[in-house]
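Thanks for coming, everyone. Let me put the sequence and the structure up, and then I'll walk you around.

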Amino acid sequence: MAVSKALAGVAPAYSRILSLFPPDINFCFAYGSGVIKQAGVSSKSSNMIDLIFAVNDSHSWHKQNIEMNPTHYSFLKWLGESSVAAYQDHWGAKVYFNTLVPIPSENVMIKYGVVSQSSLVSDLLDWSQLYLAGRLHKPVTVVRPTSDSELRSALQKNLHSAVHCALLLLPEHFTEKLLYRTIIELSYKGDFRMIFGEDKNKVDNILEPQFELLQAIYRPIIRSLHDYMDVQESGLCCQDPGTLAKLHHLNQLPRTPQRALVRFWNRGSGNLRQDTEDVLRAVAHDPECSSILQDRLQDIVWASSVRQSIKGIFTAGIMKSIQYSAKKINKMLASSKKAL
């Protein structure tokens, strides 16, 4: 589980924040520069806290939350909780965000996303959106742990999938730092916001100050793959570059990237379509295996990031969308100036 203890000292504040919302939150994590230190950010306290709430029943949860916190919502609340829940579950990355929400009692601003537990599990296992799954490849602070065995298993499987995927994208010899960079980039490459709106140094800003947290998350997984890769104390790594090793990693990929590979491989093949097993074997033999997979991943990330960003205009409302985008752009420009 990608967990940081960076904010262990402010856990009571998280509990107080959660008490302002309906209680049916099975799992909650906090992420981003307002939670865990990133390079180029002088103070976490000046940044918005990003939270994700996983709930069992989106309809019931939004009904209660609209009653408790109506000002958090855009005009969509007037359509009723059924419409809000449907918009959450069937559009974009299946997350409903309320942003720029002030919590005066804690003197903080938060953004919180609501996702059904079933949608979260699907993304973790299948990378159907590679959206929340991608956020959970990186260190986060778990605010409310889950007691659900299916979700706990999916959280672990997501981390294992990230390592298998990264190894397919890496050469025979690489550094441990490059491994973690590749994992972080899985959900950033292809994200249209990285073209304009996000800090171009985002990956480095996460990698450098969070390196030890990443080691704590991924070292146990790396040790379990000793038949396929090795990490020396110096941080130098090597992996088995053979076809059988690649085929093993391809077989461990989530279902959505596998299906994307099958569609790509069978394009224009008429009636001679190969099944998943044959396609993965063929891709493992292809010298362009890494670039073929990278392109498929970028397609998944591009589609979900575009749809979710459009969705955010309606969930946040026009004015909040402008404010939120302006904050992002200002951070991007400030980072660019520092780089110069």
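Let's start with a quick one: does Asn107 count as buried or exposed? At 69% relative accessibility, Asn107 counts as exposed. For us, buried is under 20% relative accessible area, exposed is over 50%, and partly exposed is in between, with a 1.4 Å probe and protein chains only.

Some housekeeping before I go on. This is a predicted model, so to speak about local features we need pLDDT of at least 70, side-chain atom pairs count only at pLDDT 80 or more, and totals for chains, interfaces and linings use all residues. Residues are numbered from 1 along each chain as its sequence is written, and side-chain values use heavy atoms, leaving out hydrogens and water.

Back to Asn107. You'll find Asn107 in the loop between S3 and strand S4 (108–116). Its phi is near 55°, a positive value in a residue other than glycine. Now look at Leu100, in strand S3 (residues 96–103). Leu100 is not a glycine, and its phi is positive too, about 50°. Leu100, though, counts as buried, at 8% relative accessibility.

Okay, the whole chain. We have 14 helices and 8 strands; these are DSSP runs numbered from the N terminus, with helices being H or I of at least four residues and strands E of at least two. Of the 340 residues, 51% count as buried. The chain exposes about 15800 Å², with carbon and sulfur atoms supplying 56% of that; the areas come from the Shrake-Rupley method with a 1.4 Å probe, and for residues only the protein chains shown count as cover. As for contacts, meaning heavy atoms within 4.5 Å, look at those with a separation of 6 or more: residues 24 or more positions apart account for 70% of them.

Next, helix pairs. Two packed helices are described by the angle between their axes and the distance between the axes. Axes here are lines fitted to C-alpha atoms, for helices over the stretch in contact, and angles run from 0 to 180 degrees between N-to-C directions. Under 35 degrees is roughly parallel, over 145 roughly antiparallel, 65 to 115 roughly perpendicular, and the rest oblique.

Pair one is helix H4 (residues 117–126) with helix H6 (residues 149–169): the angle is about 30° and the axes are 8 Å apart. That makes H4 roughly parallel to H6. The crossing is left-handed, which is to say that the near helix is turned anticlockwise from the far one by less than a right angle; clockwise would be right-handed. On the H4 side we have Gln117, Leu120, Val121, Leu124 and Leu125, and these meet H6 residues including Leu151, Ala154 and Leu155. By class, this contact has 7 nonpolar, 2 polar and 2 charged residues. Nonpolar covers Ala, Val, Leu, Ile, Met, Phe, Trp, Tyr, Cys and Pro; charged covers Asp, Glu, Lys and Arg; the others, Gly among them, are polar.

Pair two: helix H7 (residues 176–185) and helix H9 (residues 211–224) pack at about 95°, axes 11 Å apart. H7 and H9 are therefore roughly perpendicular to each other. Among the residues in contact are Leu179, Tyr180 and Ile183 of H7, and Phe211, Leu214 and Tyr218 of H9. The count by class is 8 nonpolar, 1 polar and 3 charged.

The contact includes His59, His62 and Lys63 from H2, and Glu81, Gln88 and Asp89 from H3. Here the tally is 3 nonpolar, 5 polar and 3 charged residues.

Last stop. What does helix H10 (residues 243–251) bury? Ala245, Leu247, His249 and Leu250, and they pack against H6, strand S8 (236–239), helix H11 (255–266) and helix H12 (276–285).

In H11 sits Pro257, buried with a relative accessible area of 1%. Beyond four places in sequence, Pro257 touches Asp126, Trp127, Leu297 and Ile300.

Arg296 is buried, at 11% relative accessible area. Neighbours within four places aside, Arg296 is in contact with Ala260, Leu261 and Phe264.
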